[in-house]
Amino acid sequence: MIIGKSSKHLVGILLISFTFSAQAHESHTHSAPWQVCESKKVTEACEYTNGEMDIYKGTCQVFNSALMCVRNQPIVHAESSTESTEKNVSGNTATKVN
Amino acid sequence: MNKVTTFAMPILSVLIIAACGGTVVETVDDTTTSITDDDVQAVDTSKFELGTSSSITEVSCTLSNGESSTCYSITINGFPSDRTELGPFCPTTTTTEAVDAGKWFDDGVLYDLTGEFISKLDIFYGDSNWQLYDENTKEVKITDTQTACEAAARPDVSAEYNNYCVQCDISYYSDTDGEGISSTYLIPVTPVQRSSAGSVDRSSIGVAFNGVVLDAAAPTEDILSAYTIAAFDDCVGHVNPTAGYHYHGANHGEGTCPGVDFEEDGHGGAFGYALDGYAIHTMLDENGDEESDLDTCRGHTDDERGYHYHSAGAGENLFIGCFTGETAR
Ligand SMILES: [Zn+2]
Ligand SMILES: [Zn+2]
């Protein structure tokens, strides 16, 4: 089970890594919320995809003198059409690994 | 008559061709938020349940727009009043299970920081330099002294602490059980609208009702570039030498983290106040749905609560995006 999820995550990482290298932003980390705002301005629209292929859409906002993508639209879950999303009772997304 | 403040970041429809990669960049289609006086609710200090050595007093203050105002001066002891201990943070070995370990987040997702997760960081980050454990003993390399934690819990981590799981014990900074590092925050008694949203930048975000500060985004690029993991506990909090115990996300109702009750009408419950005096509610309502009309700061207005924010997800390294109201200087 873990291997399956890891593999799935790895696919996501590879896709994200590919996107970054295609944009010529070199980094050995892949913090997408920061990366997608690297060449944008404050309040400019941004979007990134996590390792589960869920889509996060929002605008770039300033934290610690850098721009980070702040989602203000509901998460578009990759499997939302086929399966209910994992949530706990308190109103937060559940952990996705292990 | 109601004063109507419209704060609108201009609605743009510009297409920019990005210099690298030729990406067509969509631009701002920003939500315009109109807030009337009726939409502004005063801070309700009775919602705070602070621990020992804490206090709330009313003081004169100057807001970020230069105007004089009245603020609550909220002194917290930095330890969550609804818990008796912090952690766990780092897993001790590569076989440590989720129940005995904390969390890490990446790209919006909150992960269990299990021993297995630690052992696969090289795959996760696609970088073979990750090695947070001893190959022979399978023990995770943890900053388990005050010296080590302070050397690693900083932006310029010295090389000897590369490849460490970073955790700091609150007992380094407090001699009293149930207390952490005391700090004081000013929050306007009644929120005052800004003409345009204010950036968080290096500011804290707000204060949780249990007396823990909601901190700005963790600098994950700095942390990861030193091959460190600044481990969180299940509540997405951790200890550093300057802020003490602080949150980087809202995760209620999991593990040792107390839940937040939904409001009577099913709306996500509030768990703290932002430094501009607007309440911060959980991300989801009782049906597990998100609000769909949030502005760029992650706020919106309804008849029951007036203007308020909804926190982002537990793994998003943030609570709100910006301040709609003035903060105190
Ligand atoms: Zn922190
Ligand atoms: Zn709401």
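Me: In this predicted model, which residues is B:Trp104 in contact with, leaving aside its neighbours within four places in sequence?
Reply: B:Trp104 lies in strand β7 (residues 103-106) of chain B, and its relative accessible area is 0%, so that B:Trp104 is buried. Leaving aside neighbours within four places in sequence, its contacts are B:Val109, B:Leu110, B:Tyr111, B:Leu113, B:Phe117, B:Tyr125, B:Thr220, B:Ile223, B:Leu224, B:Ile229, B:Ala230 and B:Phe232.

Me: Which members of the largest nonpolar core touch the most other members?
Reply: In soluble globular proteins, nonpolar side chains tend to be buried together. Here the largest nonpolar core holds 96 residues, and those that touch the most other members are A:Phe63, B:Trp104, B:Tyr245 and B:Tyr309.

Me: How many residues does the other core hold?
Reply: This core lies apart from the largest one, and B:Ala151, B:Ala152, B:Tyr161 and B:Tyr164 are among its members. The number of residues in this other core is 8.

Me: How many aromatic pairs does a search of the whole structure find, and how far apart in sequence are the parts tied together by the pair of B:Trp104 and B:Phe232?
Reply: Over all chains, the search finds 19 aromatic pairs. One of them joins B:Trp104 and B:Phe232, 5.5 Å centre to centre. Because B:Trp104 lies in strand β7 and B:Phe232 in the loop between β14 (228-230) and β15 (237-240) of chain B, the pair ties together parts whose separation in sequence is 128 residues.

Me: Is the aromatic pair of B:Trp104 and B:Phe232 stacked or edge-to-face?
Reply: B:Phe232 has 0% relative accessibility and therefore counts as buried. The angle between the planes of B:Trp104 and B:Phe232 is 10°, and planes under 30 degrees apart meet the criterion, so the pair is stacked.

Me: Which aromatic cluster contains B:Tyr111 and B:Phe117?
Reply: B:Tyr111 and B:Phe117 form a tilted pair, 5.4 Å centre to centre with 35° between the planes, and both residues are buried. The cluster to which they belong consists of B:Tyr111, B:Phe117, B:Phe124, B:Tyr125, B:Trp130 and B:Tyr227.

Me: What is the geometry of the site of the zinc ion (ligand 2)?
Reply: The zinc ion (ligand 2) is coordinated through NE2 atoms of B:His267, B:His300, B:His308 and B:His310, at 1.9 to 2.2 Å. Ideal angles for four tetrahedral donors are 109.5 degrees. The angles among the 4 donor atoms run from 88 to 159°, and a tetrahedral site would need all angles between 85 and 135 degrees; the site is classed as irregular.

Me: Which residues does B:Asp285 touch, not counting residues up to four places away in sequence?
Reply: B:Asp285 is placed in the loop between β18 (279-281) and β19 (299-302) of chain B, and at 16% relative accessibility B:Asp285 counts as buried. A polar atom of its side chain lies 2.9 Å from the backbone nitrogen of B:Asn287. Not counting residues up to four places away, B:Asp285 touches B:Phe262, B:Gly266, B:His267 and B:Gly268.

Me: How are the donor residues of the zinc ion (ligand 1) spaced in sequence?
Reply: The protein donors of the zinc ion (ligand 1) are the NE2 atoms of B:His238, B:His246 and B:His248, at 2.0 to 2.1 Å. B:His246 counts as buried at 1% relative accessibility, as does B:His248 at 4%. The spacing of the donor residues in sequence is H-x7-H-x1-H.

How values were computed: Residues are numbered from 1 along each chain as its sequence is written. Chains are lettered from A and ligands numbered from 1 in the order in which they are written. This is a predicted model: local features need pLDDT of at least 70, side-chain atom pairs count only at pLDDT 80 or more; totals for chains, interfaces and linings use all residues. Side-chain values use heavy atoms; hydrogens and water are left out. Rings of Phe, Tyr and Trp (its six-membered ring) pair if their centres lie within 6.5 Å; planes under 30 degrees apart count as stacked, over 60 as edge-to-face and the rest as tilted. Helices (H or I, at least four residues) and strands (E, at least two) are DSSP runs, numbered from the N terminus. Buried means under 20% relative accessible area, exposed over 50%, partly exposed in between (1.4 Å probe, protein chains only). A polar contact is a pair of N or O atoms within 3.5 Å; within protein, one must be able to donate a hydrogen and the other to accept it, and residues adjacent in sequence count only if both atoms are side-chain atoms. Contact means heavy atoms within 4.5 Å. Donors are N, O and S atoms within 2.8 Å of the metal (3.2 Å for Na, K and Ca); water is not among the atoms, so sites may look incomplete. Four donors count as tetrahedral if all angles lie between 85 and 135 degrees; four count as square planar and six as octahedral if opposite donors are over 155 degrees apart and all others between 65 and 115; anything else is irregular. A nonpolar core is a set of buried Ala, Val, Leu, Ile, Met, Phe, Trp, Tyr and Cys residues joined through side-chain atoms within 4.5 Å.
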